[in-house]
Amino acid sequence: MADYDLVVAGGTVVTPADMFQADVGVVGEKIAAIGLGLRGERTLDAHGLLVMPGGVDSHCHIEQLQAGGGADEESFISGSTSALAGGTTSVITFSTQFKGHDILQPLAEYRRRAAKAMVDYSFHQIITDPTDDVIFNQVPQVVASGVRSLKVFLTYDPLHLDDRQFIRVLAAARRAGALVTVHCENYEAIRWRSAALLADRRTAPKYHAWSRPSMVEREAAHRAIALAEMVDQPIQIFHVSCPEVAEEIARAKARGLKVWGETCPQYFVLSENDMDRPGFEGAKFMCSPAPRDAAAHEGLWRMIRDNVLDVVSSDHSGWSYETPVGKRVHGTAAAFNEIPNGVPGLGSRLPILFSEGVSKARFNACDFVRLTATNPARLFGLYPRKGTIAPGSDADLVLWNPDQSVKITNRLMQHVIDYTPYEGLDVVGWPTCTIRRGEVVMQDGIVQAEAGSGRFLPRAPYDQIKPTGNLPFGFDASAFLV
Ligand code: DUC
Ligand code: ZN
Ligand code: ZN
């Protein structure tokens, strides 16, 4: 008689703390046991493979609605396919507010669209227009519905918030018990530099990097941290591109603040030189903040090793290269500030980080799990349901061949976007099987999952994001609805 529905047998189980030989027994959708000699109705042979928690990608843009109508090319079905092919089983994507609109109706629309997903999912609610009604009435409702993180932009027309608006969002999050995630770049500095570049007819994609050098990001991160400290509200700084920004986070952590840092594979393997490729090709590598240089890559690895950066997400934001709706929506002669920002990365996040991190001995497989699954789950209130291998956790697993050499191609990514910025990159280590809540949903690159089999993940209050209680003069200004 079998004790388990499924046993993953003979692999090396990797948790954020340990690596050991064991079988994993699954009953229904949950991990039921970790041990030796487990017997299942079905057995998957994992000898020679790592058995890791399914990836949690806490920052990706899927089917995001556009201000002018329509949505991102990457749908919840194609995005799920790419995620599962790459070993990711849960995502946190975005619900956008457009200025002049509320946040309840768009969230309902995203919930409707995401019902087709094959990965489990949650949302960050973007706030672009913090009116009294949004701040005092709607944010509490959104958070109570389980969407326990807000995202703000300190740059980008028409998304950016000024300091007063940002402070109001921080205070609303403190009252409601939500985390605030922040896109840190200085709006006016970028506008000023962009105007000068355009006046000098420097319009090619490479000038995207020139328009937003690292101090533009560092200044905004410093300001975001100071304002979050004033409100006593935990924040996560998204897509840290360089060590100068991570240093701001290190100083905040050293002062005991709840400030966390996220980075993405593009900031380790792409550089400003990629945006200088011939013709319009550089557009493929444009994202914000901009990829930097080799010294920044090395600095970021150091910040990962020193636990200053906590999360590696994809910031998947796909714009096809050849189609008229993607990167060339304004033509191939468009100036850098008219080209949509973002690079696809849902399917490549784990293979690139494993290869560059574990295979190149920058850190070990436990660190890899911590950065790509455990920390995102912990910091966004999904742990221990997601992000680890333990009895009672969801049976989200990825079986990983640490020795398999693969050359990345767009076909392998299985997303709808017609290119990957990592075309031709050699990686060592590749996912061979993905299991989502006990169901094998990818085997040897073939994704088989029913549309709509992903689940919404409501996020209850959790300890990590409780304020510290340290307030300037002991005065809690956020208690007042101003
Ligand atoms: N930057 C973002 O902030 N979001 C999506 C794409 C990008 O490059
Ligand atoms: Zn951003
Ligand atoms: Zn983003």
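Start with the zinc ion (ligand 2): its donor residues are spaced K-x31-H-x55-H in sequence. The model is predicted, so local features need pLDDT of at least 70 and side-chain atom pairs count only at pLDDT 80 or more, while totals for chains, interfaces and linings use all residues. Residues are numbered from 1 along each chain as its sequence is written, chains are lettered from A and ligands numbered from 1 in the order written, and side-chain values use heavy atoms, leaving out hydrogens and water.

Select Lys151, His183 and His239. Their atoms NZ, ND1 and NE2, respectively, are the protein donors of ligand 2, at 2.1 to 2.7 Å. Donors are N, O and S atoms within 2.8 Å of the metal (3.2 Å for Na, K and Ca); water is not among the atoms, so sites may look incomplete. The four donor atoms around this zinc ion subtend angles of 78 to 127 degrees, which makes the arrangement irregular; a tetrahedral one needs all angles between 85 and 135 degrees.

Next, select the zinc ion (ligand 3), 3.7 Å from ligand 2. Its protein donors are His59 (NE2), His61 (NE2) and Asp315 (OD), 2.0 to 2.2 Å away. Their spacing in sequence is H-x1-H-x253-D.

Now select ligand 1. Residues around it (a heavy atom within 4 Å) include His61, Phe153, Tyr156, Cys287, Asp315 and Asn341. By class, this shell has three nonpolar, seven polar and one charged residues; Gly counts as polar, and Asp, Glu, Lys and Arg as charged.

Show the polar contacts (pairs of N or O atoms within 3.5 Å). An oxygen atom of ligand 1 is 2.8 Å from a side-chain N or O atom of His183, and one is 3.5 Å from such an atom of His239. At Ser288, a backbone N or O atom lies 2.8 Å from a ligand 1 oxygen. The protein covers 94% of the 240 Å² of accessible area that ligand 1 has on its own (Shrake-Rupley method, 1.4 Å probe).

Notes: A polar contact is a pair of N or O atoms within 3.5 Å; within protein, one must be able to donate a hydrogen and the other to accept it, and residues adjacent in sequence count only if both atoms are side-chain atoms. Four donors count as tetrahedral if all angles lie between 85 and 135 degrees; four count as square planar and six as octahedral if opposite donors are over 155 degrees apart and all others between 65 and 115; anything else is irregular.
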